[in-house]
Amino acid sequence: MEFLTIIQILDSSLRLGTPLLLTCLAGLFSERAGIFDIGLEGKMLMAAFSAAAIAAISGSAWIGLLAGIGSSVIFSGLHGLASITFRGNQLISGVAINFLAAGITVLIAQDIFQQGGRTPSLQEASRFGPIDFPLTNVIAPIPILGPIYSELLSGHSILVYVALLAVPGTWWVLFRTKFGLRLRAVGENPSAVDTAGINVAHLRYAAVMICGVFCGIAGAYLATGLQAGFVKDMTAGRGFIALAALIFAKWRPWQALWACLLFGFLQAVALRYQNIDFGAFVVPVQLMDVLPYLLTVIILAGFVGKAVPPRAGGEPYIKER
């Protein structure tokens, strides 16, 4: 395999891993605070539709991004209301969000655009285009360094770089700030946090709102960065893959980066190599396409070692009187 081919696969891995990484970080904040959220898929899907629809109408990718974040935050608020205020079952709430998003996006898209539940193809101004680093043309011909700089590091949309910067940002917030310490404590022992005079509900709501912001960016990137519009069920299980990556990463941001890049790499390989021929045996394209999902099943089956979630995760907090 040529070096340039390897760089191109890694480049695709980064692009495809970006929505997974953003969604994984979203779940990281929520679950660290003790709120399990399997509704990541639905929030990302709703954000993708909102971003594409508003970008198509307004002609601005940035307005679309704000719409995507807004719709995702609203869905996060619904999840928080059900699981924090009314102390409902967090898994059922997440499933409800997924079903609601899957139906309402197609219904509204068909009503507005009359294109079979999809939005119009976005023009260049309505999408997040690639950003070229300085001196790309000068460095590109240099062996090894040139392809890495011009192909792998340069040429991504701004949301890709936002996702990468969000990893150290998440680590710093969770492990180097008072807010992060309290957030992690709420997920482990909310009674102790309450005893210290800190409002448990407020902290958990803050976590689910941050989760909504990250899911909004992920959905907007799907529809206005990675692709050029919204189509039915375009998230294609990425929210569940992000949950598997979160378990794989054991709820830590740096490990989440590598886990999501691994999933992105499998998707990139599946897209690039169709019907691989080993002479006596040909790997069918369907098997290549199922690789990321197969890895998800393997991870969820527990083949990555013991992954211990936050102790208070999934349990509503009832204040003792």
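Angles under 35 degrees count as roughly parallel, over 145 as roughly antiparallel, 65 to 115 as roughly perpendicular and the rest as oblique. The model is predicted, so local features need pLDDT of at least 70 and side-chain atom pairs pLDDT 80 or more, while totals for chains, interfaces and linings use all residues. Numbering starts from 1 along each chain as its sequence is written, and side-chain values use heavy atoms, without hydrogens or water.

Select α7 (residues 158-176) and α12 (residues 253-272). Their axes come within 8 Å and cross at roughly 155°; axes are lines fitted to C-alpha atoms, for helices over the stretch in contact, with angles from 0 to 180 degrees between N-to-C directions. The two helices α7 and α12 are therefore roughly antiparallel. On the α7 side, show Leu-164, Val-167, Pro-168, Thr-170, Trp-171 and Phe-175; on the α12 side, Pro-253, Trp-254 and Leu-257. Contact means heavy atoms within 4.5 Å. By class, these residues are eight nonpolar, one polar and no charged.

The contact of α1 with α7 has 15 nonpolar, two polar and one charged residues.

Move to α3 (residues 61-85). Its 25 residues reach 35 Å from first C-alpha to last, close to the 36 Å expected at 1.5 Å a residue; the expected span is 1.5 Å times one less than the number of residues. Just after α3, select Arg-87, where phi is positive at about 55°.

Note on methods: Helix = DSSP H or I, 4+ residues; strand = E, 2+ residues; numbered from the N terminus. Nonpolar A, V, L, I, M, F, W, Y, C, P; charged D, E, K, R; others polar.
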